Amino acid sequence: MVALAIAVVVATGVVEWQVQRNPTPAVVTTEGLELKYDDGIAEGYVSPHWGGYLVSFSPPFTPFIINKIKICGVTIGNGWEGREFKLQIWDKEQKVLYSASYPFTLFPQADSPIEAETQLHKGLPWIEVAVPNIEVETDFFIHVYAGTMKWQGIHLGADDSVTNKNSDITVAVAEGVYKIRETWPYPKNMWFADKSKVNWMIRVIGQGPE
Ligand SMILES: [Ca+2]
């Protein structure tokens, strides 16, 4: 918090800064401020149920410049070469601020759910995706649309270290148009059927304006 206060003072007179009231927990790293809800260790890996993963964030101050997104996960199965997932940044009104596609092969691959289970026990890996300095003026969302199903494709790490207040899943209602899914679709016998326990392991790295 000390670093944040200094950053705000230094910027006085250059940019109008707004300190946010209930910011997402953040840590200072060599790359900037890392916003995160999870404790770094996945309790499971979960499919997006044919849709996407959505996490809302409240930056420590605005404007806030997003430089990088970190995502913990794995792809299950083979033959994902050429397939892409969509990474988006939405503002608080769910308007798209940034949208780009990235190859599935950025994620480490597990040939089967059993192999994914082995990776989970070793600690699911993180990937990093650079984004071109997206400035946000409000709370925002990170959306990872994978569109893959039950035992195949992209599965993100799920963390139960805090009560979920920020993670949702999305559905595509038309080509490139998404909405937050109203129901939580996972089977009752799975621990992640309880939405309050599921935090998608997506983090944001950013900073104030120069
Ligand atoms: Ca955890």
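**Close-up views of a predicted model**

**View 1. Leu-87 and the pairing of strands 8 and 9.** Leu-87 stands opposite Ala-100 in strand 9, where strands are DSSP runs of E with at least two residues, numbered from the N terminus, and helices are DSSP runs of H or I with at least four residues. Strand 8 (residues 84-91) and strand 9 run antiparallel and are joined by 7 bridges; two strands are said to pair if DSSP finds at least two bridges between them. This is a predicted model, in which local features need pLDDT of at least 70 and side-chain atom pairs count only at pLDDT 80 or more, while totals for chains, interfaces and linings use all residues. Residues are numbered from 1 along each chain as its sequence is written.

**View 2. Asp-168 in strand 14.** Asp-168 lies in strand 14 (residues 167-174), and it counts as buried because it has 21 C-beta neighbours inside 10 Å. The term buried requires 20 or more other C-beta atoms within 10 Å of a residue's own, whereas exposed means 12 or fewer and partly exposed lies in between, with C-beta atoms placed from the backbone. Not counting residues up to four places away in sequence, Asp-168 touches Leu-54, Ile-180 and Arg-181, a contact being a pair of C-beta atoms, placed from the backbone, that lie within 7 Å. From C-alpha to C-alpha, Asp-168 and Ile-180 are 6.7 Å apart in space, although they are 12 residues apart in sequence.

**View 3. Ile-142 in the largest nonpolar core.** The largest nonpolar core has 44 residues, of which Ile-142, Val-144, Leu-156 and Ile-202 touch the most other members. The largest share of this core, 7 residues, comes from strand 7 (residues 64-76). Such a core is a set of buried Ala, Val, Leu, Ile, Met, Phe, Trp, Tyr and Cys residues joined through C-beta atoms within 7 Å. Leaving aside neighbours within four places in sequence, Ile-142 is in contact with Val-55, Phe-57, Ile-69, Ile-89, Ile-202 and Val-204.

How values were computed: Two residues are in contact if their C-beta atoms, placed from the backbone, lie within 7 Å.
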